[in-house]
Amino acid sequence: MHSLLSDSKEIRIYQRPGRVTAKQLEPMDQLLLILPRKVPAPLWRKLPEGQKLKAAMRRRGANAVPAIYSRLGNKKQTLVAGATLANDATAFEQLTLARRLVASATTEKAGSLGIAVMGFDDDVAAAIVRNVVAGALAAAFQLPAFKSDAPSDKIRSIRIVGLAEKLDLERVRAEANGNNLARWLTAMPPNKLDAAGYADLLQTLAKDRGWEYKRYSTKELEKMGAGAFLAVAQGNDDNSASIVRLRYRPGTASAKADLSLVGKGIIFDTGGTNLKPFRAMLDMHGDMQGSAVALGTLLAISEMKLPLGVDAWLAITENRTGPSAYKSQDLIVAANGKTIQTIHTDAEGRMALADTLVFASREEPGLIVDYATLTGSCVNAITTRYCGVFTNRPDWHPRLKRTGQHCGERVWPFPIGKEFLEELKSDVADLQQCSVKGTGDHILAGSFLAEFVEHDVPWLHMDLSASNNKGGLGHVPTEVTGFGVRYTMSLVLDEKILETAD
Ligand SMILES: [Zn+2]
């Protein structure tokens, strides 16, 4: 494996369906117990030491998290962290509870984490268990740490008890691996994961996973006319920038992509000539999270061996200051011939994505999804709990929202289109890069990007306003959320968007 990739061990998952017995609980260091809001009396009798747990819940109250915090009388003195959940709790509520319960149970020691969800209908219980496993796998994954003391594991194995039958957890695992990879790369310090190192790592991953790898160097991109991407890249002090294309083809190798994932991979965003102040620049090594989410999604699809052709197009560069860096009022020609008057060098994401979208759409995939930590105005509009989505298929808006409700990574659609381009009108070019006012910049950015999607390919742009949320989000316990992997999987597998995209 590549030295910049995590060497975390895979968490083993054991499943023991049927009645919960004291013997099943013996190997557990912790047990997460999830019950309905109103616990029926017979349920306590089905639980080992049920009366003791019932009394423990009475002390803390059924709505507390945890509502039970007690130890069993077995040899390991299994710590029981319990909570109740409404029967109609949303996916987001289930995931959030999972994060909080896992955190409360695993502060003291690592170990074998048990999960028991009881008192719900079978399909509801199965959904809750999947979401709790997702929370456990997210918590178990250690983000990059370079401390002298090696970080200790939080969770070594997972044991699921009390379900009617075993669950297929392949998708939960694949989504967790995709999300973990996205978070890992985003959290990596920018001198560790630089533009050249990132491309190199992608080559290793591609080889390992059987994906085709193609790196378009700055020289090649010049020939391809990628002036918008190169405008951003010209501030780099070397030719380390590139657009990397990964191809996953489980069927015919030459087949068109059903799905193209495009990601903004700004390794570090200083703002460029329009330099950011200290606080705004502090976390700008994370400005490549869009590319990491595209990659994580590709990984999840590939691990599930989904019968789809998938491309990932990752636009990798820094946005730096310096004598050769681009500046306001530069005249840029993008790969589709459109001319752009630059306004603000910190609006580099849309420049890097513009050409990348041209290349991705020329292949006429069934759907393009792009991911980018693009605008502060999207955060201003909907906070860091939701991501903004934008599409050239506005009749999808209800489906896009529904997908978010269903999977727990919630999104909100915004309008885009020609109407908004009036605010990007330029005296010297086809388009201004952004408006001087900055009002509704997330909508203007989406409208700008739409100008670079060719052949009217169905396209969804996700502005990753929820890429970083203090204290975590949903089941993810870290500030970096990796938002988008789970959403895209749900869009493909639950909403089946590819079957109706035209
Ligand atoms: Zn920027």
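Modeller: Questions and answers on this predicted model follow.

Colleague: Where does the largest nonpolar core lie relative to domain 1 and domain 2?

Modeller: The core has 163 residues. Domain 1 covers 12–166, and domain 2 covers 175–500. Both give residues to the core, so its place is between them.

Colleague: Are α4 and α5 parallel, perpendicular or oblique to each other?

Modeller: Helix α4 spans residues 91–105. Its axis is 8 Å from that of α5, and the packing angle is about 45°. Angles of 65 to 115 degrees would count as roughly perpendicular, and those under 35 as roughly parallel. The two helices are therefore oblique.

Colleague: Which peptide bond is cis?

Modeller: Most peptide bonds are trans. P66 sits in the loop between α3 and β3. Omega there is about -5°. The cis bond is the one joining V65 and P66.

Colleague: Is E49 buried, exposed or partly exposed?

Modeller: E49 lies in the loop between α2 and α3. Its phi is positive, about 55°, yet it is not a glycine. A buried residue needs 20 or more other C-beta atoms within 10 Å, and an exposed one has 12 or fewer. E49 has 18, so it is partly exposed.

Key:
Residues numbered from 1 in each chain as written. Predicted model: local features only at pLDDT ≥ 70, side-chain atom pairs only at ≥ 80, totals over all residues. Core = buried A, V, L, I, M, F, W, Y, C linked by C-beta atoms within 7 Å. Domains from an automatic or database assignment. Axes fitted to C-alpha atoms, helices over the stretch in contact; angles between N-to-C directions. Helix = DSSP H or I, 4+ residues; strand = E, 2+ residues; numbered from the N terminus. Parallel < 35°, antiparallel > 145°, perpendicular 65-115°, else oblique.
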